[in-house]
Amino acid sequence: MATSTNKIAAFGVKLIHKCHNVTVNGDRYRAIITNFFIPELNNHDVQELCFQQDGATCHTARATIHLLKDTFGDSLISRFGPVNWPPRSCDLTPLDYFLWGYVKSLVYADKPQTPDHLEDNIRRVIADIRPQMLEKIIENWTSRLDYIRSSRGSHMPEIIFKM
């Protein structure tokens, strides 16, 4: 099994979006990827990584997709990427619909007032995520995929998400 760093790296960029009070456009998003995210990945022993992003315009601009394909190859999950992002995929995305909410609630719990305080909170909260939690997220996700497969793609209103 991959390490926790490998499992959570994909949503790190989303946290960085919150650090600045600017609109994230394609140029800014590519700058975040190039100047922050890729160097951070290079500082860690990341063996297996899938980079997953939604269909936001700044994420799917041609220049962005070219950068991400060059960087992540076939491990890019994105609209216009080698692995297509499933449309309206709230049932399929544990990073967006559990882990991001969990991390965000802890990062903002003490109402950080400066970018440094916010960055410290982000680093602390991510470092405190245990592999057991990530394994439980993957187990839950796998059971949802099984349900979707057996129900031929229908939504899952009767499934209760457990953690």
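The structure holds three aromatic pairs. Rings of Phe, Tyr and Trp (its six-membered ring) pair if their centres lie within 6.5 Å; planes under 30 degrees apart count as stacked, over 60 as edge-to-face and the rest as tilted. This is a predicted model: local features need pLDDT of at least 70, side-chain atom pairs count only at pLDDT 80 or more, and totals for chains, interfaces and linings use all residues. Residues are numbered from 1 along each chain as its sequence is written, and side-chain values use heavy atoms, with hydrogens and water left out.

**Stop 1: the ring cluster**

Select F37 and F51. Their ring centres are 5.5 Å apart and their planes stand at 70°, so this pair is edge-to-face. F37 sits in helix α3 (residues 26-42) and F51 in strand β1 (residues 51-52), 14 residues apart. Helices (H or I, at least four residues) and strands (E, at least two) are DSSP runs, numbered from the N terminus.

Buried means under 20% relative accessible area, exposed over 50%, partly exposed in between (1.4 Å probe, protein chains only).

The rings of F51 and F72 have centres 4.7 Å apart and planes at 15°, so they are stacked. F51 belongs to strand β1 and F72 to helix α5, so this pair ties together parts 21 residues apart in sequence. Both F51 and F72 are buried. Show the three residues together: ring pairs link F37, F51 and F72 into a cluster.

**Stop 2: S78**

Move to S78, in the loop between β2 (76-77) and α6 (94-107). Its relative accessible area is 0%, so S78 is buried. Which side chain makes a polar contact with the side chain of S78? Select Q53: the distance is 2.9 Å. A polar contact is a pair of N or O atoms within 3.5 Å; within protein, one must be able to donate a hydrogen and the other to accept it, and residues adjacent in sequence count only if both atoms are side-chain atoms.

Leaving aside residues up to four places away in sequence, S78 touches Q53, D54, T60, I65, V83, N84 and W85. Contact means heavy atoms within 4.5 Å.

**Stop 3: confidence**

Colour by pLDDT, the predictor's confidence in each residue, from 0 to 100. The protein's mean is 76, and 71% of its residues reach 70 or more. Finish at residues 1-15, where pLDDT stays under 50. Where pLDDT is low, the predicted coordinates should not be read in detail.
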